Amino acid sequence: MTMGTTTTQAYGEPWYWDNRYANESGPFDWYQKYQSLAPLINLYVPRHSNQHHRILVVGCGNSAFSEGMADDGYDDVVSIDISSVVIQAMQDKYSDRPHLKYLQMDVRDMSAFQTDSFDAVVDKGTLDSLLCGSNSRQNAAEMLDEVWRVLKDKGVYILITYGAPLYRLHLLRESCSWTIKLHVIG
């Protein structure tokens with residue numbers, strides 16, 4: 001593959017995302033916007049005035065999803081992406097909203113986060129993206145191990161995927177001891 005040719009194999013590479021976000025204007029939400037997923041998010045990460053939830057959004061890109069969560073009452077939303085270009089843009093965009101944190105990080109190595117540090121991890125297409133690239137099974141396993149590690153006991157991993165349920169369920173079952181609930185969204 002040459003740098004001029006874009007295939008799904010490049011989805012796991014930082015240069016692909018840096019190039020994409022350097023040339024993309026405006027926010028883009030993969031799969032679903034926050035408003036359509038809010039009932040599902042609220043079901044598994046209920047908002048209560050006396051309860052603080054720390055949420056991690058992986059592969060955030062330039063999506064307005066984290067902003068939607070903050071506007072909906074979630075007060076500690078951390079968003080990561082492999083692209084330093086998009087993270088810098090998001091840090092600049094939300095510099096006046098300190099409860100929205102944007103960090104450049106590879107989801108396969110989130111060692112900057114302590115074990116058991118998040119109540120929820122939201123993934124809108126990141127696992128799908130890794131599964132399109134080279135070494136897909138290994139990369140997916142590394143990602144899921146890291147998600148498992150950073151989740152608190154009784155934490156929830158919300159995976160929004162276009163992948164076939166049978167395949168994704170198999171992948172989740174072989175990676176960690178997940179308790180799985182499947183919702184099909186129209």
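Buried here means under 20% relative accessible area, exposed over 50% and partly exposed in between, with a 1.4 Å probe and protein chains only. Helices (H or I, at least four residues) and strands (E, at least two) are DSSP runs, numbered from the N terminus. The model is predicted: local features need pLDDT of at least 70, side-chain atom pairs count only at pLDDT 80 or more, and totals for chains, interfaces and linings use all residues. Residues are numbered from 1 along each chain as its sequence is written, and side-chain values use heavy atoms, with hydrogens and water left out.

**Helix α4**

Select residues 84–93, which are helix α4. Val86, Ile87 and Met90 are buried in α4. Viewed down the axis of α4, the buried residues fall within an arc of 100 degrees (taken from the directions from the helix axis to the C-beta atoms), so they line one face of the helix. They pack against α1 (14–22), β2 and β3, where contact means heavy atoms within 4.5 Å.

At the start of α4, a side-chain oxygen of Ser83 comes to within 3.3 Å of the backbone nitrogen of Val85.

**The strands**

Next, select β2, residues 77–81; five of its five residues are buried. Val77, Ser79 and Asp81 point one way from β2, and Val78 and Ile80 point the other way.

Show β1, residues 55–58, beside β2: the two pair in the parallel sense over four bridges. Strands pair if DSSP finds at least two bridges between them. Val58 stands opposite Ile80 of β2.

Then show β3, residues 100–104, which runs parallel to β2 and is joined to β2 by five bridges. Tyr102 in β3 is the bridge partner of Ser79.

Right-handed means that, with the strands pointing away from the viewer, the path from the first strand over the helix to the second runs clockwise.

**Aromatic side chains**

Finally, select Trp15, Tyr16, Trp17 and Tyr21, which form one aromatic cluster. Rings of Phe, Tyr and Trp (its six-membered ring) pair if their centres lie within 6.5 Å; planes under 30 degrees apart count as stacked, over 60 as edge-to-face and the rest as tilted. By this rule there are nine aromatic pairs. The ring centres of Tyr16 and Trp17 are 4.8 Å apart with planes at 85 degrees, so this pair is edge-to-face. Tyr16 is buried at 9% relative accessibility, and Trp17 is buried at 8%.

Move to Phe113 and Phe118: their ring centres are 4.9 Å apart and their planes at 85 degrees, so the pair is edge-to-face. Both Phe113 and Phe118 are buried.

Definitions and conventions: A polar contact is a pair of N or O atoms within 3.5 Å; within protein, one must be able to donate a hydrogen and the other to accept it, and residues adjacent in sequence count only if both atoms are side-chain atoms.
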